[in-house]
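Please look through the sequence and the structure shown here, and keep both in view while reading the explanation that comes after them.

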Amino acid sequence: MSNMNLTLKIWRQKGANDKGKMVEYKVTDISEHMSFLEMMDVLNEQLVNTGEEPVAFDHDCREGICGMCSMYINGEAHGPDRGVTTCQLHMRMFNDGDTITIEPFRAAAFPVIKDLVVDRSSFERIQQAGGYISVNTSGNTTDANAILVPKENADKAMDAATCIGCGACVATCKNSSAMLFVGAKVSQYALLPQGQVEATERVKNMVAQMDLEGFGNCTNTGACEVECPKGISLENIARMNSEFLKASFKG
Amino acid sequence: MAILDSKIPKGPLKDKWTTYKDKIDLVNPANKRLIDVIVVGTGLAGGSASATLAELGYNVKAFAYQDSPRRAHSIAAQGGINAAKNYQGDGDSFYRLFYDTVKGGDYRSREANVYRLAEVSANIIDQCVAQGVPFARDYGGQLDNRSFGGVLVSRTFYAKGQTGQQLLLGAYSAMNRQIARGKIEMFNRHEMLDVVIVDGKARGIIARNLVTGEIERHSAHAVVIASGGYGNVYFLSTNAMGSNATAAWKVHKKGAFFANPCYTQIHPTCIPRSGDYQSKLTLMSESLRNDGRIWVPKKMEDVLAIREGKLKPTQIAEEDRDYYLERRYPAFGNLVPRDVASRAAKERCDAGYGVNATGEAVYLDFKSAIERYGKEQAKLKGIENPSATKITELGEAIVEAKYGNLFQMYEKIVDDNPYKTPMMIYPATHYTMGGIWVDYNLMTTIPGCYAIGEANFSDHGANRLGASALMQGLADGYFVLPYTIGNYLSNDIRTGKISTETKEFEEAEKAVKDRIDFFINNNGEHSVDYYHKKLGKIMWDKCGMARNEQGLKEAMAEIKELREDFWKNVKVPGDANEMNPELEKAGRVADFLELGELFAKDALNRTESCGGHFREESVELDGPQKGEAKRDDANFAYVAAWEYKGEPADAVLHKEELEFNDIELKQRSYK
Amino acid sequence: MSGLLKSSIGRKFAMALSAFFLMFFLLQHFAINITSIFPDNGATFNKLSHFMGTNGLVQYVMQPILIFGVVFHFVMGFILEMKNNSARKVSYAKNNGAANSTWMSRNMIYSGAAILAFIVLHFIDFWFPEINTKFIQGDWSGLHDGEFRYFHELQHKFVSPLRVGAYVIAFVFLALHLLHGFNSAFQSVGANNKYTRGLKTFGKIYAIGIPAGFIIIALFHFFNH
C-alpha cells in the first residue's frame, strides 16, 4: 500500500470581514492510516516551514465526541464516510491523485471566523433559550430512582442526547435548517418525565430562537440524518413538530 | 512544612464534612450579588461549579478555549460514574467506595477528602437525573449499574458508552439556565494566560480572546482553576488536542504549589500509534478487558513474521501464545488495575514481542469470549451439536451487543475487523493524578485561588480507578467548592468591585503581551509541534510507565536543553491580533516544557514505586511478589508539593504527611 | 397560537395541511376520471361530472377552498424557498447532495413549478371553458346537442399528441413531487408512531399510483378516440 499524493482545494479567508477564496495546495506521501486532520497537520507543518500561514480549522478531542471539528469535504459534511466526524475520517477513503475540496460549514447563522473555522454560537443561544430543566444543583432533589422511566423512553432520550452539536445537519441541509439539532434537544427532554413541566415553554422558546438566528426551514429531505456523525434520527424532528404544535394550540 | 495546612476538620471521619458544612461561614444572598467569581475551564468540574455558584447568587465569569462549554474534554469519558447508591443491594456503602478509592490510589490520597467524595457521590446521581441526564435503565425503569475494574460491587452508572458526554451536557444545561438568567457571563474561545495577584490574593486573570487576539483583563474576588490535567506533556495522549496546563502552570508560577506531578495514569487499552504523523491516541473503554484476553507470541520468529505480514495472529497456535497477564497474575488475570496492565504490556514490548510495525502493540483477543458466549447461547437456544460457524455467529452477536460501538470505532480507525482478528492495543497517557495542591476547601496556596477536578492533585492518590474522575469533577463542582468558597468570600462582602486599572493588572498584562510579541517576532526555524513532539518523546521514554534515576536525570537535562532551544528557535507564523492556533500552541508548549522538568524532578525524588509511578529501583526482590512495585510507606507517605522558584529544577519541596486513621496500609496484590 | 404562522414549524404545518387537502382532492379527481375509461361510453363519468359541476356545495364552497389551497401552497412554497435560500449566503463550491438525499426532495420547487405550469394548461383546457359556460353564459344544463358534454370534451382534448405528451410529462413531475411530498407532509405535522412505516409504503404507492393512473387515462383516450 503506497502513500498518496493529493491536491487540496481549501477555502482561505483571513477574517470574518475579509473576502475568501479557494486556494490549491499539494501534499505528498500521505499514509492511508492517517486521519483527515492528521493530513491537515501535515499540510500545516509544510506551510509553517515555508513561511506561509497555516490553515485554521476547529478540532479538539479527535475522537468524534466533542463536536468541534467541522469541514465540508468533497461536498459532504465530515466527508464521504458515514457515522464519523472529520477527525475520525481516514485517508483510506481517498485515492492517490485525488483532488479534495475542503470548505467551511456554510450557513448564514454560522459565519466564517477564519479559513475553515465558523462561529456556531447560534447553537449556544438556542440552548440557552430553553435547553435545560430548571432544577437547582443543590443535590437535594428526590432520589434518582423515585421516578421510574420506561427503558424504551430512556434509550430514546439517550439516542437524542447523543448529538454532539457539530452543526453538520445545518451545513448539509439545502436550507441550512437547524431542526435536527433542536429536535434532538427537545426530544431528549420530551421523552423524560423530568422534562414535562417546562415542555410547552421550552419548545416554543427554542424554536423561536432558532428562527431568530436565521436558520432555514426544514423540507424533510433527510440529508441531515444521513450526514449526522451520531445518527440522530429524523424522528426527533417529527417529535419536535408535534411538541411545538401541541404547545402552540395550548396557547 | 508548616507552610502547608490541609485544614482537615477535626472529628471522626464520617462526621467531618457534615460538621464542617454546618459551621462554614455563609454569604447572605444580597451580598452574593456583590461578589464575582472567575471559573477557568468548563468541563465537569468547572461547568458544575459555574452553574452552582451562579445559582447561589454570585456573578460568575466562565472561560473556555473551545467555542462552547459543551466541548470540554470531560465529554470524552466513556465508561461511567461511580456512586455509593447501593441500588444493587450488593453491600456498597460510603465506606466501601472510600476504601476502594484509597486502596486503588495506592494509599497516597487524603482520607478526609476521599470520604467526602464518597459521601456526596450519591447526590450526584440524584442531581443528574433531575437535570435530565438519560442514564441507562433496566426494564423496570430503574437505573442500571455495571461493575468496573478493581472493585467488588456494581456501583457504576452509565449512559451507553458516552457517560462523560451526558454528564457534561447536564452541567452545560445547568450553565445555560444561568447564562439565560445573566448570572454567568460566558467567555467562549478565550484562554487564560495569567492570574493576577493583588495584596497576596487572586483577584483576576489575563485572558486572550482567541478570535480577535485581544488581551483582556478580568477581575473577581476569587479565581477557580478547572482546566483539567496535563497529559499532553507527552504530546501523544488520550487528551484533546487543546488540553493544556497553562492555567494551572500560571497559578503555580504565581505561588500555588504543584503536587505530585509524577503521578500519571497510563491507560492500558488504547489504539496503538500507527506512524510518526500520529496526533493523538484513542482510548477504548477498560470494560473490554472483561472479555478480551491479552497476549503476545511466545516465539520471536512469530513476532517477526507478524510484523512482516507473513503471519496472521489467528494462525498462531494456542501453545505458542503468551497470555502474560494470566501467567503473571493468576488471581486477577486480564483484570489487573490499569497501572499493572500497562507496565506488563511495556515489559513484553521492551523485550521485543510487540506485534505491530512500531513494536508497540499487544493483542486483545475476543476469540475465547466469542466461543464461550456462542456455546452458552447454543445451549440456551437448544441447538444440539452446533457447528463452529454457528457458535461463532452466536458468540459474535453477544460481543457485539456488549461492545459494538467500541468495535466499530476500532474498525474505523484501524481498518481491521476485531471480531475476526485480535485487536491491537497499547498503553497511552490518559489522566494525571497530580496537579495543583489544594487544602480541604479546595483552595490552593494562593488565597482566593481554587483548583477543582483533574486540575487539582485530587483524591485519586497515585492511581485513579475507573469511573472515578467524573465523580470527582462533579463532586468538586456541584457540592464541595460552592460551600467551601463561602468561607473565603464571606470576608469580601465589603470589598466592592475589583478594579482592573491597577498596577498588578497592568504588569500581568504586559508580561502576557511581551511573551506573545516574542513568539510572533522570533522568526525561528522550527514549528511548535517540532518541540512538542520532542518533549513528548523524552517524557514517554524517560518518565513513562517505568522510570529510573539515570533516565530521570537525563530527562531533566534534556528538557532544559530543549526549552532553551525552543526559546531561541521557535517559529510562530501569523499575527497576534487574529485567530492564531500556532500562537496558542506556542504558549501551551512553553509551559509544558517547564512542567515536564518538574515532573521528572518529582519522579526522581520519589524513589518508591506507587500507583502510576513505577521506579525500576523499587521492586520486590523476592517472595511471591518478586518483580512487582514496592511502595515505601515509611519514607513516602506524603504529598510532594512543589514551590516555584524560577527554574523548575530549583523548585522547593514541601511535604504534606498523609495520616491514615481509618484505613490500614497494605500492599496491593493481584497475584 | 397567533404567532404560529410566523414560526418555521407553523409554516411547515400550513404547507402540510394544504398538501393534505390537495392530495385528497387529487384522489377524488382521479376517482371520477377513472370512470371515463369504464366501458359504458362515458355514462358514469358524465353523471359524476355533472354532479360536481352543478352541486352548490362543490361549486361555491369546495371550489374556492381548492383554489385558495392551490394558491396558498404555491405562494407559501415559493416564500419558503426564497427564505431558505437566504439562510446560506455563500454557496458551496462543491456540493454532493445526491450522497444524502433524493433528487425529489431537493427539487420540490422545480417539480412544483412544472405542476403549476400544467395547472395553467389544465385551466385553459377545462376550467376556463367551464367557468365561461356556467358563470358567464349561464348555461348550467351540462348539455351539448342534447347529450352531456363532459365525456366528449374529455375525449376531444386527448387527440393532440402534443397535449397528451405535456400531460404525461406533468404527471411524471406530479409523481416526483408526491414521492417526497406525501411523507414529508406527515413528517411536518409530527406523525411519528407505529403506523409511520406503513404510511411510508402507502405514500409511495399513492405517489406513483395516482399519476400513473392519470397517465393511463390520458393514453387510453388518445388511443381510443
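The model is a predicted one, in which local features need pLDDT of at least 70, side-chain atom pairs count only at pLDDT 80 or more, and totals for chains, interfaces and linings use all residues. Residues are numbered from 1 along each chain as its sequence is written, while chains are lettered from A and ligands numbered from 1 in the order in which they are written.

Chain A is divided by the domain assignment into domain 1 (4-103) and domain 2 (120-250), the bounds coming from an automatic or database domain assignment. The C-alpha centres of these two domains of chain A lie 30 Å apart. Where they meet, 12 residues of domain 1 of chain A and 10 residues of domain 2 of chain A take part in the contact, two residues being in contact if their C-beta atoms, placed from the backbone, lie within 7 Å. The side of domain 1 of chain A that touches domain 2 of chain A is made up of five nonpolar, six polar and one charged residue; here Ala, Val, Leu, Ile, Met, Phe, Trp, Tyr, Cys and Pro count as nonpolar, Asp, Glu, Lys and Arg as charged, and the others, Gly among them, as polar.

Chain A also holds an open sheet of five strands with mixed pairing, in the order E2-E1-E5-E3-E4. Helices (H or I, at least four residues) and strands (E, at least two) are DSSP runs, numbered from the N terminus, and two strands pair if DSSP finds at least two bridges between them. Strand E2 (21-30) and strand E4 (76-77) of chain A each have a single partner strand and stand at the edges, so one side of each is left without a neighbour in the sheet. Strand E1 (residues 4-12) of chain A runs antiparallel to E2(A), and eight bridges join the two; Lys9(A), for example, has Glu24(A) in E2(A) as its bridge partner. Across E1 and E2 of chain A lies helix H1 (residues 36-49) of chain A, running at about 105 degrees to E2(A), where axes are lines fitted to C-alpha atoms, for helices over the stretch in contact, and angles run from 0 to 180 degrees between N-to-C directions.

Further along chain A, helix H6 (residues 199-212) and helix H8 (residues 235-250) pack at an angle of about 110 degrees, with their axes 9 Å apart. H6(A) and H8(A) are therefore roughly perpendicular to each other, a description that applies to angles of 65 to 115 degrees, whereas those under 35 count as roughly parallel, those over 145 as roughly antiparallel and the rest as oblique. On the H6(A) side the meeting residues are Ala199(A), Thr200(A), Val203(A), Lys204(A) and Val207(A), and on the H8(A) side they are Met240(A), Glu243(A), Phe244(A), Ala247(A) and Lys250(A). By class, this contact of H6(A) with H8(A) has six nonpolar, one polar and three charged residues.

In chain B, an open sheet of five strands has antiparallel pairing and the order E11-E15-E14-E12-E13. Strand E11 (264-270) and strand E13 (321-322) of chain B stand at its edges, each with a single partner strand, so one side of each is left without a neighbour in the sheet. Helix H10 (residues 338-350) of chain B packs on this sheet, touching E11, E12, strand E14 (362-365) and strand E15 (423-432) of chain B, and its direction makes about 70 degrees with that of E11(B). Strand E12 (residues 293-297) of chain B pairs with E13(B) in the antiparallel sense over two bridges, and Val296(B) has Asp322(B) in E13(B) as its bridge partner.

The domain assignment gives chain B a domain 1 (269-429) and a domain 2 (505-638), whose centres, taken over C-alpha atoms, are separated by 32 Å. Five residues of domain 1 of chain B are in contact with five residues of domain 2 of chain B, and H10(B) gives the most to the domain 1 side, with four residues.

Between chains B and A, the contact takes 66 residues from chain B and 64 residues from chain A. H6(B) gives the most to the side of chain B that touches chain A, with nine residues, and that side divides into 24 nonpolar, 26 polar and 16 charged residues.

Chain C meets chain A as well, through 36 residues of chain C and 41 residues of chain A, and H1(C) gives the most to the chain C side, with six residues. An unreviewed UniProt entry annotates residues 57-80, 108-128, 164-182 and 203-223 of chain C as "transmembrane region"; UniProt positions are given in the numbering used here, feature names are shortened, and annotations may be inferred rather than shown by experiment. In the model, residues 164-182 of chain C are 100% helix and 0% strand, with end C-alpha atoms 25 Å apart.
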